[in-house]
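Work through the exercises below with the sequence and the model side by side. Try each task before reading its solution.

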Amino acid sequence: EVQLVESGGGLVQPGGSLRLSCIGSDFAFSATDMTWHRQAPGKGLEWLGVVYISDHTSYADSVKGRFSISRDNDKNTVYLQMNNLKPEDTAVYYCAIPKWNAVDEIEFRGQGTQVTVSS
């Protein structure tokens with residue numbers, strides 16, 4: 001059974017940083033593009049970015065320059081480094097396996113981890 005388990009969320013002050021992790025199991029992690037998404041209270045799911053199997057990355061304009069995605073295939077783990085966090089970054093963050101033909105759409109996602117940015 002495919003599993004994605006996120007961790008690393010929590011409460012952080014504005015301007016702070018967090019690194020989220022997501023461990024995948026029961027699928028060919030190194031052969032799978034991986035994405036991050038978030039859902040803020042009362043809003044829809046927002047695609048944040050992708051790390052391809054080539055290690056190339058692409059980001060949504062809303063987080064470009066502040067967030068970065070990386071992967072460690074030896075650990076079956078994908079990371080989301082978030083810097084200069086703002087209150088509007090408060091959301092539940094999900095890692096996901098994207099659909100084969102739409103990198104911003106979700107085929108499978110984890111249970112999510114809460115990030116709260118507040119002073």
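**Exercise 1. Find the salt bridge between Arg38 and Glu46, and state how buried each partner is.**

Step 1. A salt bridge is a side-chain nitrogen of Lys or Arg within 4 Å of a carboxyl oxygen of Asp or Glu. The closest N and O atoms of Arg38 and Glu46 are 2.7 Å apart, and the two residues form a salt bridge. The model is predicted: local features need pLDDT of at least 70, side-chain atom pairs count only at pLDDT 80 or more, and totals for chains, interfaces and linings use all residues. Residues are numbered from 1 along each chain as its sequence is written, and side-chain values use heavy atoms, with hydrogens and water left out.

Step 2. Buried means under 20% relative accessible area, exposed over 50%, and partly exposed in between (1.4 Å probe, protein chains only). Arg38 has 7% relative accessibility, so Arg38 counts as buried. Glu46 has a relative accessible area of 26%, so Glu46 is partly exposed.

**Exercise 2. List the residues in contact with Arg66, leaving aside its neighbours within four places in sequence.**

Step 1. Contact means heavy atoms within 4.5 Å.

Step 2. Arg66 is in contact with Gln81, Met82, Asn83, Asn84, Leu85, Lys86 and Asp89. Asp89 is also the salt-bridge partner of Arg66.

**Exercise 3. How many disulfides does a search of the whole structure find, and where are the cysteines?**

Step 1. A disulfide is a covalent bond between the sulfur atoms of two cysteines. The cut-off is a pair of cysteine sulfur atoms within 2.5 Å.

Step 2. The search finds one disulfide. Cys22 and Cys95 form it, with their sulfur atoms 1.8 Å apart. Cys22 is in strand 3 and Cys95 in strand 9 (residues 91–99), so to speak of distant parts of the chain is to speak of 73 residues.

Step 3. Both Cys22 and Cys95 are buried.

**Exercise 4. In what order do the four strands of the open sheet lie, and which are the edge strands?**

Step 1. Two strands pair if DSSP finds at least two bridges between them. Strands of a sheet pair through backbone hydrogen bonds, either parallel or antiparallel.

Step 2. The order is 1-3-8-7, and the pairing is antiparallel. Strand 1 (3–7) and strand 7 (67–72) are the edge strands: each pairs on one side only.

Step 3. Take one pair in detail. Strand 1 and strand 3 (residues 18–25) pair in the antiparallel sense over five bridges. The bridge partner of Gln3 in strand 3 is Ser25.

**Exercise 5. Is Ile69 buried or exposed, and which residues does Ile69 touch?**

Step 1. Ile69 is found in strand 7. At 6% relative accessibility, Ile69 counts as buried.

Step 2. Not counting residues up to four places away in sequence, Ile69 touches Trp36, Gly49, Val50, Val51, Thr57, Tyr59, Val78, Tyr79 and Leu80.

Methods
Helix = DSSP H or I, 4+ residues; strand = E, 2+ residues; numbered from the N terminus.
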